Structure formats: structure tokens, C-alpha cells
Amino acid sequence: MVDLLSKAPTASASTEKMNRQTGTSRFVRACLRQPVDKTPVWLLRQAGRYMPEYMAVRKHHTLLEICKTPGIASEVTITAAERLGVDAAIIFADLLLPFTPMGVDFEFLAGEGPVVHAPVRTLEQVRALRTDRVGELAYVAEAIERVARHFSAPRADGDQLGIIGFCGAPFTLASYMIEGGSSRNYIETKRMMYGDGVAWPLLMEKLVEVLVGYAAQQVEAGADVIQIFDSWAGALSVTDYREYCLKPSAELVKRIQALGVPVIYFGVDTASLLPSMRETGADVIGLDWRIPLSEGWKAVGEGCAVQGNLDPIALFAPEDVLRARVREVIDEAAGRPGHIFNLGHGIVPGTPVESVIKTVQWVKEFTAR
Ligand code: CP3
């Protein structure tokens, strides 16, 4: 268990970071299963295309421009957190940013999502991936620094807003690298995973190396917690997850925790994988909406915090239905320490902003102790 309160100060940690009173953040406290005054809430993809403020920025900049310009990325992050009244801000970035310093070119095509121009499918290509240029991602850390500075004082209710850095998990990132984009069946990914006992472990090892360096920059800059997105781990059988992905994920979790922050590990459609995901040692496991929260919590064990798990599409429901679903998630958590309210996956474009704001307000109202 990571104990932030007794974390030894390091000479390199910024003064900002040192001054932040982590002990007063209900979000960080919940990650560590400490008691809180009310259940902390934030939402996956809280800064995105459903939000007019984001679209106004997006009109003038591409997604990658926003990510790579700390002044804009921090502004987008801050605006969403303040508009919604959530307890944590996730830095505006993208899962695929570490591909560039590794030597993998990609772009985002409208309507198609990410496209990798030369998918990585051979041992030679894996061998050629660079792991020594993670410093090129410093723009993300710089954006985090700005967000941390903005939220350095406690809010009106005395709570310190949590700052979340993030990265992808080795399997999920490998799937984009190998498939060349989003995928339905992950055929090429699994072909390498099953068939190349040299390339696959080497790819996992290189990704972990880069991701640890990237996370370290984010923690140094002021991230209180790191979330690891293993969004597509649910495409794996339990056997394959355990045989090919658990070890690199666990290694990543352990090395990020060693930086002195709790780790949230999240995937979609993972009901059968939960006990194995718990074995990564993550402090918090993210649950999707397909499993009742109490069952998901039982599957990961009481010694672990959970985050989730409202269906993001419930935000399109009439107010009485949405309210009942929010209540249900809270009832499932039953006031146990270590619940962070969230969606089971990201907010989708077209979601009514008012429903998102109401959801946040209801969580606070229903859980005030
Ligand atoms: O507030 C936030 O949470 C937004 C920050 C954020 C983005 N990407 C910006 C973004 C985060 C946390 C991510 C993570 C990410 N990126 C994931 C894991 C999250 C998950 O949902 O499980 C994945 C799989 C990616 C890769 C990626 N980026 C895809 C597949 C897409 C296209 C999907 C789509 O909806 O079109 C993106 C694009 C992207 N990244 C957008 C945003 C706001 C939307 C595109 C845009 O603004 O042009």
C-alpha cells in the first residue's frame, strides 16, 4: 500500500507538489481506502466532444495540437473539472502520445480514430522501437504543472482537487501499434502474442520502460494518482491475460507505485478478469457497468478500492431513471471506504451536459456523511 502522507520528500519534487495537502483530498483518500466526508466523483472523458467549451477550442486546433500545447491542454482540463464540479481533474492527453518518441507515427482521422501508418508486426520493427526519448513527452508534464498550480489551494469546501495523470497499459497500447488502429478481433495482436515468443515480451518490456518514464514525469509535475487504461483487456480470455499481459501490467503498476502515488487500473468488459487484474497490485480497480458494483468489488477483494460504474449511456435517460441508476451505484458501494464514483467507460459525444452536472451533484447529495 502506498502511503502518501509519509512519503519521503525528494530534492527534485517541485515545491508546488510538496505544498499540496494530499491528506485533504477526498479523491486521493478514497484511492487509499481512507474515510471521506462524501464519495469522490470524476468522469472518464470528462473533457471531450460532448462539451461545448471543448468543441470551441477544437474548432481552432487539432486534437494533437491541444495535447501538445500545455497552455491549451491545461485550460481544457481545468474548464471541464470546474464546469462539472468534480473532485479530480484528469490531464487532457491521449493514450497514443508515447508512440511518437518510440518512433511510431500516427494521426487521428475524423470519424476513424487513431491510424498508425506502419503497424508494428515483426521482430525487427519491435527491436527498432526507441525507449530513450521519453523526454520528448515533457509537454504533458508541463500541462500537469499548470493544472496543479491552478488547483494548488483547497476549494471552498476545504477539499483539495485531485490531479490524475495517465498512460495506457502494455496490451492496450500494443493493440494500437500492431493493428494500426482500433480493432474488433485483435487478430494481428494475438498472432504476435501467441506466435512470437521473442517479439511479444520484448514489446511489452519496451512499452513498460517508456510508460514508467512517462508516468514519472507526470508525478514529478504534480499528478497525485496515475490511471492506467487497459481499455481493451476485455478482449482477452482469462488464460491469455494471465499468460501474456498480467506480468507486464503488474510490473508497470509496481514501478509507478514506487514513484509514491496510488494507481488506478481500468479496463472495459473485464468481469471475468477482475481477480487477475487485482493481482497487478493496483490500489484501485476501475469497473465497467456490466457487473453490479458490489459483485465487482467482491471479485477484486475488499483490500482494494474500486472506481465506477454507471453506464455512460444512462446519461441519455430521463432524469428519474438516471437518478435511480446513480443511486443504485451508491447503494451498491454501501458506504464502504474506497469507492470513487465514475462511469463504467467514457462520456460519448452528444451526452447532455446538464445530465452530467446533475449526476455529480446527486453523488455529493446522496453520499454526504
Ligand atoms: O477528459 C478526458 O478524459 C479526455 C482526455 C483523454 C483523451 N483520450 C482525449 C481524446 C483520455 C483520457 C484519452 C484516453 C484514450 N485515448 C483511450 C483510453 C480511454 C478509453 O476510452 O478507454 C483510448 C483508447 C485512446 C485512443 C483514442 N483517442 C481513440 C480510440 C480515439 C477516437 C475515439 C473517438 O471517440 O473518436 C481518440 C481520440 C480522442 N482522444 C478524443 C479525445 C477528446 C476525441 C477526438 C477529438 O477531440 O477529435
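A: This is a predicted model. In it, a polar side-chain atom of tyrosine 54 is 2.6 Å from an oxygen atom of the ligand.

Q: What about histidine 345, how far is its polar side-chain atom from a ligand oxygen?
A: That distance is 2.8 Å for histidine 345.

Q: And which backbone has a polar atom at 3.0 Å from a ligand oxygen?
A: The backbone of arginine 45.

Q: How much of the ligand's accessible area does the protein cover?
A: On its own the ligand has 870 Å² of accessible area, and the protein covers 88% of that.

Q: Where does the ligand sit in terms of pockets?
A: The ligand takes up the space of the largest pocket.

Q: Which elements give two or more residues to the shell?
A: Those are α3, residues 52-58, and β3, residues 113-116.

Q: How many residues are in the shell, and which are closest?
A: There are 21 residues around the ligand, with Arg49, Tyr54, Arg58, Asp94 and Ser231 the closest.

Q: What's the split by class?
A: The shell has 13 nonpolar residues, 4 polar ones and 4 charged ones.

Q: Back to β3. Which strand does it pair with, parallel or antiparallel?
A: β3 pairs with β2, residues 106-109, in the antiparallel sense, over 4 bridges. Within that pairing, glutamate 107 has valine 115 of β3 as its bridge partner.

Q: What's in the turn between β2 and β3?
A: The two strands form a hairpin with 3 residues between them. Glycine 111 is in the turn and has a positive phi of about 80°.

Methods. Residues numbered from 1 in each chain as written. Predicted model: local features only at pLDDT ≥ 70, side-chain atom pairs only at ≥ 80, totals over all residues. Heavy atoms only, no water. Near = heavy atom within 4 Å. Polar contact = N/O pair within 3.5 Å; in protein donor to acceptor, adjacent residues only side chain to side chain. Areas by Shrake-Rupley, 256 points an atom, 1.4 Å probe, with all protein chains shown as cover. 1 Å grid on protein atoms, 1.4 Å probe; cavity = no way out; pocket = protein on both sides within 12 Å on 5 of 7 lines; lining within 4 Å. Sits in = over half its atoms within 2 Å of the grid points. Nonpolar A, V, L, I, M, F, W, Y, C, P; charged D, E, K, R; others polar. Pairing = 2+ DSSP bridges.
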